[in-house]
Amino acid sequence: MFREVTISLLGGFLITLKLFVLTLVIALPLGLVISFGSMSRIPVIRYPVKFIIWVVRGTPLMLQLILIFFGPGIILGNQLWGGDADGRFLAALIAFAINYACYFSEIYRGGIQSIPVGQYEAGKVLGMKNGEIFRKVVLLQVIKRIVPPMSNEIITLVKDTSLARVIAVYEIIWDSQKFIKTDGIIWPLLYTGVYYLVFNGILTLLFNFIEKKLSYFE
Amino acid sequence: MALLEVNNIRKSFGKTEVLSDISFSLEEGEAISIIGSSGSGKTTLLRCLNFLERPDGGTIRVRDEVLFDGSDPKRLSEEEIRRRRLHFGLVFQNFNLFPQYTAIDNVMLAPKLAAREAGKNRDDEIRKQAEELLDTMGLSNRMNNYPGQLSGGQQQRVAIARALALHPDILCFDEPTSALDPELTGEVLRVIRELAENRTTMIIVTHEMSFARDVAERAIFMDGGVIVEQGDAKQVIDHPREERTKQFLASYQK
């Protein structure tokens, strides 16, 4: 039984992992775009972006999942996603990507704004272009500063993927619950914690490694 | 014809007038020191010369080329500002070295980018120059250290080498020793003295009065955004004519 459950949960965990990786792939760059928007000197860009960040960070991710999945059907009378597993996964992915991009954008913004203005001015008086100053001077310093808060957020994402269960994405929690119905056993649900724990352990090691790699300066 | 001619420069931040009607000139190979209390506009003046602030009016000329003309309403393009500000170099009070680069990489970064922009590979030449500059600064054994591994005095000397690597016509110093522990100021003042002996054209904002007097041919005393007195450095600092200059200098035991 243990073997059977372990293998079954591995299948569920792969969906969890897929959701996690794809969310990062979208949200990491999207967050940078949003952070530039929230720092824009143009009010017509800055205020709407800040409003979106406020809404996304100010409401539960679970509600956002439900809204994105059921919203089109309720509001437009059009079941955009289809009812199958792929449709549900896609809806979940979009909800996660938007939600996490907004959180990442605030981390990026904090990192970028923490770089002393003297770094930009030094680049300028040395005749560097603005893009060169960002890429060659500021970027690595920003990365160094945001690794700790980003690792926090990314570890939270691993666990938040379980929320996708509310729109019936077959991630690991959902997967474990079928054993309650079919075999009347609850330990597989608790056992999922081990998967999260091991995976987050690996991520923690990875972030420690990156932090160490960047500890050569400042 | 003077190398640098600054005429009637004005600058206000909001309602506060920080510079009013600043005019002075500088000959090639000459060093001029600017003294005055904090808030007198010395730093803003250097920042205007380096295009970090835009003056509200007046003109700045280098070698007969008008770099800034306040009566010209046309806004300069980013490219044009980049080109014009390279007539000046600026050494900051807080060094502002790039922490992720070694001393020599700090010196080489901007020249390398400039060479790449011009479509040339001059890496060997740039490295040789950087080594020579750091050697002149007495840092030949510190080239591969990161700024965080260097003392403040060493960092400031790297910053001077970094500014010199672009061969500015005029090198500006903004209180180069103010952020340093007293025992480290000597090494920085020494290299600036050597630059003066080699006829580097310099504008030095400083609170070190004896240094201001000895290193520069001429001195400017600023107060409340205006030039109160300018002339021969020894005369201005040892025998000031203006009452305000006397008061200011009396607060220093030279």
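These notebook entries record what I looked up in a predicted model, with attention to chain B.

**Entry 1: the side of chain B that touches chain A**

I began with the contacts between the two chains. I found 20 residues of chain B in contact with 18 residues of chain A. I then asked which elements of chain B supply at least two residues each to this side. They are helix H2 (78–85), strand E6 (88–91) and helix H3 (103–117). H3(B) gives the most, with 4 residues.

**Entry 2: strand E6 of chain B**

I next looked for a partner strand. E6(B) pairs with strand E7 (residues 170–174) of chain B in the parallel sense, over 4 bridges. Within this pairing, I located Gly89(B) opposite Leu171(B) of E7(B).

**Entry 3: Ile237 of chain B**

I placed Ile237(B) in helix H8 (residues 233–238) of chain B. Is Ile237(B) buried or exposed? I counted 23 C-beta neighbours inside 10 Å. The cut-off for a buried residue is 20 or more, so Ile237(B) counts as buried.

I then listed its contacts, leaving out residues up to four places away in sequence. Ile237(B) touches Met209(B), Ala212(B), Arg213(B), Ala219(B) and Leu249(B). Finally, I checked Arg218(B), which is 19 residues from Ile237(B) along the chain; their C-alpha atoms are separated by 9.8 Å.

Methods. Residues numbered from 1 in each chain as written. Chains lettered and ligands numbered in written order. Predicted model: local features only at pLDDT ≥ 70, side-chain atom pairs only at ≥ 80, totals over all residues. Contact = placed C-beta atoms within 7 Å. Buried ≥ 20, exposed ≤ 12 C-beta atoms within 10 Å, placed from the backbone. Pairing = 2+ DSSP bridges.
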